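Here is a friendly briefing to read alongside the model. Please have the sequence and the 3D view open as you go.

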Amino acid sequence: MSDFILAEATWKTIKDKKIELAILPWGATEAHNYHLPYGTDNIMVERIARDAAQQAWEKGSGVIVLPAIPFGVNTGQSDIKLDINLNPSTQFAILCDLAEVLNRQQIYKLLILNGHGGNDFRQMIRELGLRYPKMFICCCNWYQSFSNSDFFESGGGHADEMETSVMQYVVPEMVRPLDEAGEGRSKKFRIKALNEKWAWAERRWSQVTSDTGIGNPKKANPEKGEKCYNEVIGKIAGLMTDLCSSDINNMYE
Ligand SMILES: [Zn+2]
């Protein structure tokens, strides 16, 4: 039981506690090649939120981790069995209700900790800022808090070497043997600008990859996962600490 995890805390410990920053982990439920579970993004983002918040808490930061939202934007995977889509407009409605609660209770700082590439909260945060001008709301994609090539030989982005290694470290019992994994081969767009990323379109996942993975997981191991994970926890804990100690009305230098 941890007082900085809302789902585990009691009214007794929460009612008089000074809370500076609420953290909302947000994942997705989707296929992750043949070797990782559908809950991969949720498992990782929840664990990262917990371990980073613990570090921040031990340094005296008033953090509280809210229960994770387990469904993300999977509009491009509508034909992949049991990938569960939450539309961006639904996500915005959820965020409005949560911000309303926090704002009313004078908890003005919110960090959305994101673990899924299809989620993009930036435009929602702009609109929330208009509705709740007293609040400081930010988002962080934990998987962008480090340089992939510092830890891993191959990239990809979905059920790849990085995700597999971190899962092997965090929940080894939930990772299937790598000889069962597909190679995570992916197709590129025929249009050059889309591959160069200065133009953007959603990818139709089932046409891009045959095993639902993007990126070869075969060189993953838990030792790489541990190194990367520790880097991520340090970075995210630092962000939480910085957010807690910041004055919302004096954010620039
Ligand atoms: Zn994932």
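**The zinc site and the sheet**

Along the sequence, the donor residues of the zinc ion follow the spacing H-x8-D-x121-E; donors are N, O and S atoms within 2.8 Å of the metal (3.2 Å for Na, K and Ca), and water is not among the atoms, so sites may look incomplete. This is a predicted model, where local features need pLDDT of at least 70 and side-chain atom pairs count only at pLDDT 80 or more, while totals for chains, interfaces and linings use all residues. Residues are numbered from 1 along each chain as its sequence is written, and side-chain values use heavy atoms, leaving out hydrogens and water.

**Zinc site**

- H32 (NE2), D41 (OD) and E163 (OE) coordinate the zinc ion at 1.9 to 2.1 Å.
- H32 sits in the loop between β1 (21-26) and α2 (40-58), and E163 in helix α5 (residues 161-170), so the pair links parts of the chain 131 residues apart; helices (H or I, at least four residues) and strands (E, at least two) are DSSP runs, numbered from the N terminus.
- Both H32 and E163 are buried (under 20% relative accessible area, with a 1.4 Å probe and protein chains only).

**Sheet**

- Four strands form an open sheet in the order β2-β1-β3-β4, with parallel pairing; two strands pair if DSSP finds at least two bridges between them.
- β2 (63-65) and β4 (136-141) are the edge strands, each pairing on one side only.
- Strand β3 (residues 109-114) runs parallel to β4 and is joined to it by six bridges.
- L110 stands opposite I137 in β4.

Note on methods: Buried < 20%, exposed > 50% of the residue type's maximum accessible area, 1.4 Å probe, protein only.
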